[in-house]
Amino acid sequence: MDIFTAIREFGVFQAGLLLGILLGAVYDLLRIMRRIVPHGAVLTFIGDFLYVLFFWAMLFTFSVGAVHEIRYYTAAAVSAGFFAQRFAVGNYAVKLLGDLGVFLRDRLLIKPIGFIAKTLNKAKCAFVKSD
């Protein structure tokens, strides 16, 4: 292996790390949406399954596009970037942004809808009593 091939392979490894970080951020967005809009185990499974298909499609596309074949080090680089992002930033971002989203959902959506429902219920009761 000459020096130019090693430099190229290292560049591919760095690009794989970056792709893993981006895929980790996409998964964190999925996790944040789960915290804001809770749903059951079936929808969670479907979402995770679709994400895994997306992840592997991106890994395959990256591997074939970068080195024209699937290599173990490209999969290792993408996986390392994914887990580095997840443990360095991802868990904290999901907690912080998820809690912020739940707070905003409650303040901007749930409380106004509850107020409107109470008002409409009072109006309905007033009309029912008048009959």
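## Aromatic pairs

A search of the whole structure, which is a predicted model, finds nine aromatic pairs, where rings of Phe, Tyr and Trp (its six-membered ring) pair if their centres lie within 6.5 Å, and planes under 30 degrees apart count as stacked, over 60 as edge-to-face and the rest as tilted. One of them is the tilted pair of Y51 and F55, with 6.2 Å centre to centre and 50° between the planes. Both residues lie in helix α2, four residues apart, about one turn of the helix; helices here are DSSP runs (H or I, at least four residues), numbered from the N terminus. Y51 is buried at a relative accessible area of 9%, and F55 is buried at 10%, where buried means under 20%, exposed over 50% and partly exposed in between (1.4 Å probe, protein chains only).

F83 and F87 form a stacked pair, 6.3 Å centre to centre with 15° between the planes, and both lie in helix α3 (residues 72–130). F83 counts as partly exposed at 45% relative accessibility, whereas F87 counts as exposed at 57%. Ring pairs link Y27, Y51, F54, F55, W56, F82, F83 and F87 into a cluster.

## A buried arginine

R34 is placed in helix α1 (residues 3–36) and is buried, with a relative accessible area of 18%. Leaving aside residues up to four places away in sequence, R34 touches Y27, H39, T44 and D48, a contact being heavy atoms within 4.5 Å.

## Basis of the values

Residues are numbered from 1 along each chain as its sequence is written. Local features need pLDDT of at least 70, side-chain atom pairs count only at pLDDT 80 or more, and totals for chains, interfaces and linings use all residues, while side-chain values use heavy atoms, leaving out hydrogens and water.

Terms used:
Helix = DSSP H or I, 4+ residues; strand = E, 2+ residues; numbered from the N terminus.
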